[in-house]
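Q: I have a model open and want to learn how to read it. Can we go through it feature by feature?

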Amino acid sequence: MLRASARAQEFFGTGRSLRLRGQRLWHPDAQVQQALAAGLRLAAQSRERVCLPIRGGPVGRQELELARAAPQLSLGEEVLVLARIRLGRSQAAPSIDSLCSAFGITPAEARVLAALIAGQSPKQHAGAQGVSVHTVRSQLGSLMAKMGCTRQVDLVRKALLAP
């Protein structure tokens, strides 16, 4: 582990079973440690993301996502693998009605926002709804203006943190 964000350091420092030992990820269970090592090798050798569940945390789904970094980020002959901790939310995604009332948006805009929350791209949502991607992008622009956001990630964050 070359660098960990402040939140990652906090995550590893709160008595969890997965933690940092020196510059290495470590787990007390030998099987989990072997799975972690195998996941790191697989991520380094392929272009696919590897997701490993993290046990021993708070309620909600948690996983360690491993992905090979772009070649220009490599260190000499060493391949760089990026690791991201994904903390699942124990609450359900907001409903279309609750999004409409919380942000004063139309049902169509709320469906776009719900799709973003679910991890869909605007193109995927357009295909699923049978509308043009230009329509979805227009709705995104309207959502950003109404919700005071400049990025899609900010829309999702604001929607998830809304009461």
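Q: Start with the sheet. What order do the strands take, and how do they pair?
A: Strands of a sheet pair through backbone hydrogen bonds, either parallel or antiparallel. Keep in mind that this is a predicted model. Here three strands form an open sheet. Their order is S3-S4-S5, and the pairing is antiparallel.

Q: Which are the edge strands?
A: Look for strands that pair on one side only. S3 and S5 are the edge strands here. From one strand to the next, the twist averages 20°.

Q: How many bridges join S3 and S4?
A: S3 and S4 pair over four bridges, in the antiparallel sense. Take Val 50 as an example: its bridge partner in S4 is Leu 66.

Q: And how many bridges join S4 and S5?
A: Seven bridges, again antiparallel, link S4 and S5. Leu 66 turns up here too, standing opposite Ala 83 in S5.

Q: What should I know about side chains on a strand?
A: In a regular strand the side chains alternate between the two faces of the sheet. Then ask what covers the strand. Six of the seven residues of S4 are buried, so S4 is largely enclosed by the rest of the structure.

Q: Which strands does H2 touch where it packs on the sheet?
A: H2 touches S3, S4 and S5. The direction of H2 makes about 35° with that of S4.

Q: Now the pockets. How is empty space found?
A: Rolling a probe the size of a water molecule over the atoms shows where empty space is left. In this model, the largest pocket has a volume of about 2200 Å³. Its lining is made of 50 residues. Leu 64, Ala 83, Arg 84, Ile 85 and Arg 86 lie nearest the centre of that pocket.

Q: Which elements give two or more residues to the lining of the largest pocket?
A: The helices are H1 (6-12), H2 (30-45), H4 (107-117) and H7 (152-161). The strands are S2 (24-26), S4 (62-68) and S5 (81-87). S5 gives the most, with seven residues.

Q: How do the residues of that lining divide by class?
A: The lining of the largest pocket has 28 nonpolar, nine polar and 13 charged residues.

Q: How much space lies in the second largest pocket?
A: About 190 Å³. Eleven residues line the second largest pocket, and Val 32, Ala 35, Leu 52, Pro 53 and Ile 54 are the closest to its centre. H2 and S3 (50-53) are the elements that give two or more residues to this lining. H2 gives the most, with four. By class, the lining of the second largest pocket has eight nonpolar, two polar and one charged residues.

Q: How do I read which way a helix residue points?
A: An α-helix has 3.6 residues a turn, so residues three or four places apart point the same way.

Key
Residues are numbered from 1 along each chain as its sequence is written. This is a predicted model: local features need pLDDT of at least 70, side-chain atom pairs count only at pLDDT 80 or more; totals for chains, interfaces and linings use all residues. Side-chain values use heavy atoms; hydrogens and water are left out. On a 1 Å grid over the protein atoms alone, a cavity is a set of points where a 1.4 Å probe fits but cannot get out, and a pocket is an open set with protein on both sides within 12 Å along at least five of seven lines; lining residues have an atom within 4 Å of a point. Grid points are joined across faces, edges and corners, and a volume is the space filled by probe spheres set on the points. Ala, Val, Leu, Ile, Met, Phe, Trp, Tyr, Cys and Pro count as nonpolar, Asp, Glu, Lys and Arg as charged, and the others, Gly among them, as polar. Two strands pair if DSSP finds at least two bridges between them. Axes are lines fitted to C-alpha atoms, for helices over the stretch in contact, and angles run from 0 to 180 degrees between N-to-C directions. Contact means heavy atoms within 4.5 Å. Buried means under 20% relative accessible area, exposed over 50%, partly exposed in between (1.4 Å probe, protein chains only).
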